[in-house]
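Subject: Handover of a structure

Dear colleague,

Please find the structure below, followed by an account of what was found in it.

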Amino acid sequence: MRLIFLGPPGSGKGTQAKLLGERLSIPAISTGDMLREAVREGTPLGRRAKAIMDSGELVPDDVVIGLIRERIAAPDARGGFILDGFPRTIEQVGALDRLLEGNGAALDSVINLLVAEKTLIERMLGRAAAEGRSDDRLETITERLRVYGEKTAPLIELYRSRGRLADVDGSGTIEEIAGRIDRALADRRGGREVRG
Ligand code: AMP
C-alpha cells in the first residue's frame with residue numbers, strides 16, 4: 001500500500017502514520033522527522049533548514065523532493081509506505097507522481113484528517129510542552145496554519161478529483177482515530193479488512 005496522510009499541522013498525521021505503518025508493516029516516512037534529524041546532526045541541510053522550520057515556512061521543494069526520492073528507493077519501502085507531511089505543495093505532488101510512475105507504482109489512498117482549528121492549536125501547544133519542538137510556539141503555529149491553508153490545503157481537492165481522497169474525522173482519542181482510518185481504508189478497498 002502506498003498512502004499519504006494529509007492534514008494541517010497538529011492534526012495527528014505523525015502519530016497516526018506511525019501507528020498505521022506498524023499495523024501494515026510498512027515504513028511511515030516523515031519529511032519533518034528527516035529534517036529535524038538533519039538539524040540535530042548539524043548537517044549542511046540541517047543548518048539550512050533550521051531557520052526556515054523555526055519560522056513556520058516550508059523548506060524548498062527540491063530539498064524535500066530529494067529526501068523523498070532517496071527514502072522511497074530504500075529496500076524497506078519497496079512494498080509500500082506511508083508519507084506523513086509530504087507532499088505539501090502542488091510541485092511536490094507532481095514530483096511524487098513522476099517518482100511513482102518511474103517505479104511503476106501507484107498511490108492507493110490519501111487520508112485527510114479533519115480537525116477543528118482550536119483543537120489543532122491546543123494539540124501543538126501541548127506538544128511544545130511535552131516534546132520541546134522549537135516550531136510549536138504560538139507565533140510559529142499561526143504561521144504554519146497560514147502556510148498550510150495557502151500551499152497545502154489545495155492538495156485536498158486535487159486528490160479528491162483523482163478519486164483518491166478519504167476524509168477521516170481526526171477528533172477524539174488516538175485509538176478512535178486509528179479505528180476510523182482502518183474503516184476508511186477498508187471501505188476504499190471494497191469492504192475488505194485492511195491487512196499488511
Ligand atoms: P512537520 O513535522 O511535518 O510538521 O514539519 C515540520 C517543518 O518541516 C515544516 O513546518 C516545514 O518547515 C518542514 N517540512 C516538512 N515537510 C515538508 C515538506 N514536504 N515541504 C516543505 N517543508 C517541509
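A nonpolar core is a set of buried Ala, Val, Leu, Ile, Met, Phe, Trp, Tyr and Cys residues joined through side-chain atoms within 4.5 Å. Buried means under 20% relative accessible area, exposed over 50%, and partly exposed in between, with a 1.4 Å probe and protein chains only. The model is predicted, so local features need pLDDT of at least 70 and side-chain atom pairs count only at pLDDT 80 or more, while totals for chains, interfaces and linings use all residues. Residues are numbered from 1 along each chain as its sequence is written, and side-chain values use heavy atoms, with hydrogens and water left out.

The largest nonpolar core holds 30 residues, of which Leu83 and Tyr159 touch the most other members. Two or more residues come from each of strand S1 (2-6), H3, helix H4 (61-72), strand S3 (81-84), helix H5 (90-102) and helix H8 (154-161); helices (H or I, at least four residues) and strands (E, at least two) are DSSP runs numbered from the N terminus. H4 gives the most to this core, with 6 residues. Leaving aside residues up to four places away in sequence, Tyr159 touches several residues, including Ile4, Leu6, Val93 and Leu96, where contact means heavy atoms within 4.5 Å. A second, separate core of 16 residues includes Leu3, Leu20, Ile111 and Ile181.

Turning to charged pairs, a search of the whole structure finds 12 salt bridges, each a side-chain nitrogen of Lys or Arg within 4 Å of a carboxyl oxygen of Asp or Glu. Asp182 and Arg23 form one of them (3.0 Å, N to O). This pair links distant parts of the chain, with Asp182 in helix H9 (residues 174-188) and Arg23 in helix H1 (residues 13-24), 159 residues apart. Asp182 is partly exposed, at a relative accessible area of 25%, and Arg23 is partly exposed at 35%.

Another salt bridge joins Asp33 and Arg36 (2.8 Å, N to O). These residues are separated by about one helical turn, because they lie 3 residues apart in helix H2. Lys18, Asp33 and Arg36 are linked in a network of salt bridges. Arg71 also forms a salt bridge, with Asp76, and the closest N and O atoms are 2.8 Å apart. Both partners are partly exposed, Arg71 with a relative accessible area of 21% and Asp76 at 42% relative accessibility.
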